[in-house]
Amino acid sequence: MLYHDSMGLLIVYEGALDSLHKKIFGISMGPSTISFLRQLHWSILGGIVASLILFLVSASAARILGTDQYGKYNFLIAIAQFISLCITWSFELAIVRALAFTQEDKASQQYIISSSLVFLLVTITVINLIALFIPISFSKSLVMLFASILAMKALADGIIRGLGLFGYQAIGK
């Protein structure tokens, strides 16, 4: 049997990590360390798949659009990422910390998640209203849509990380 029954890690991989852990710390890995590594395995796999897709899309866009248009495309992506930061204010990092400190208190976690969703909706609305009054080209709506989606993804990613569900984080990537 090549795969471990629970999460799909290779037995060889887990055995090598346990041997390395024994050499460094003098004891075998505990159940929480094994669980963390299994979750991390899925997160890394999701990151690899997302990076591969991003590379293929970027390479295809460069070939299709040409030099000038690809530069404009990258500029619009950069603007969308900046606007996404303005929407979230890197709030997802605080969410990870807050959810990690309230692991035993489900009511507090629900309050944190619902408050962060309200914060996200309010900031998306405010930033989009501000963007309506800024005289920019026709691509403004596309940039704002992409920025809003990036902000929602960042918040969802923060919630998933805060709850310790790294396996599901791979899906979001």
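View A. At 2% relative accessibility, I95 counts as buried (buried means under 20% relative accessible area, exposed over 50%, partly exposed in between, with a 1.4 Å probe and protein chains only). This is a predicted model, where local features need pLDDT of at least 70, side-chain atom pairs count only at pLDDT 80 or more, and totals for chains, interfaces and linings use all residues. Residues are numbered from 1 along each chain as its sequence is written, and side-chain values use heavy atoms, with hydrogens and water left out. I95 sits in helix α3; helices here are DSSP runs (H or I, at least four residues), numbered from the N terminus. Leaving aside residues up to four places away in sequence, I95 touches I112, S116, L155, G158 and I159, with contact meaning heavy atoms within 4.5 Å. Look also for L163: its C-alpha atom is 9.6 Å from that of I95, though the two are 68 residues apart along the chain.

**View B. The largest nonpolar core.** Zoom out from I95 and you get a core of 16 residues, in which I83, I87, I95 and L120 touch the most other members. A nonpolar core is a set of buried Ala, Val, Leu, Ile, Met, Phe, Trp, Tyr and Cys residues joined through side-chain atoms within 4.5 Å. Helices α2 (31-88), α3, α4 and α5 each give two or more residues to this core. The largest share, six residues, comes from α5.

**View C. Aromatic rings around F91.** The model has three aromatic pairs, counting rings of Phe, Tyr and Trp (its six-membered ring) with centres within 6.5 Å; planes under 30 degrees apart are stacked, over 60 edge-to-face and the rest tilted. F91 and F119 have ring centres 4.4 Å apart and planes at 35°, so this pair is tilted. F91 belongs to helix α3 (residues 91-101) and F119 to helix α4 (residues 106-132), so the pair ties together parts that are 28 residues apart in sequence. Both are partly exposed: F91 at 29% relative accessibility and F119 at 23%. Ring pairs also bring in W89, making a cluster of W89, F91 and F119.

View D. V118, V122, V126, I130 and I134 make a nonpolar surface patch of about 410 Å². Patch residues have over 30% relative accessible area and no salt bridge, and nonpolar side chains (Val, Leu, Ile, Met, Phe, Trp, Tyr) are joined within 5 Å. I134 is in the loop between α4 and α5 (140-162), and this residue is partly exposed, with a relative accessible area of 37%.

Conventions: Patch = residues over 30% accessible without salt bridge, like charges linked within 9 Å, V, L, I, M, F, W, Y side chains within 5 Å. Areas by Shrake-Rupley, 256 points an atom, 1.4 Å probe, with all protein chains shown as cover. Salt bridge = Lys/Arg side-chain N within 4 Å of Asp/Glu carboxyl O.
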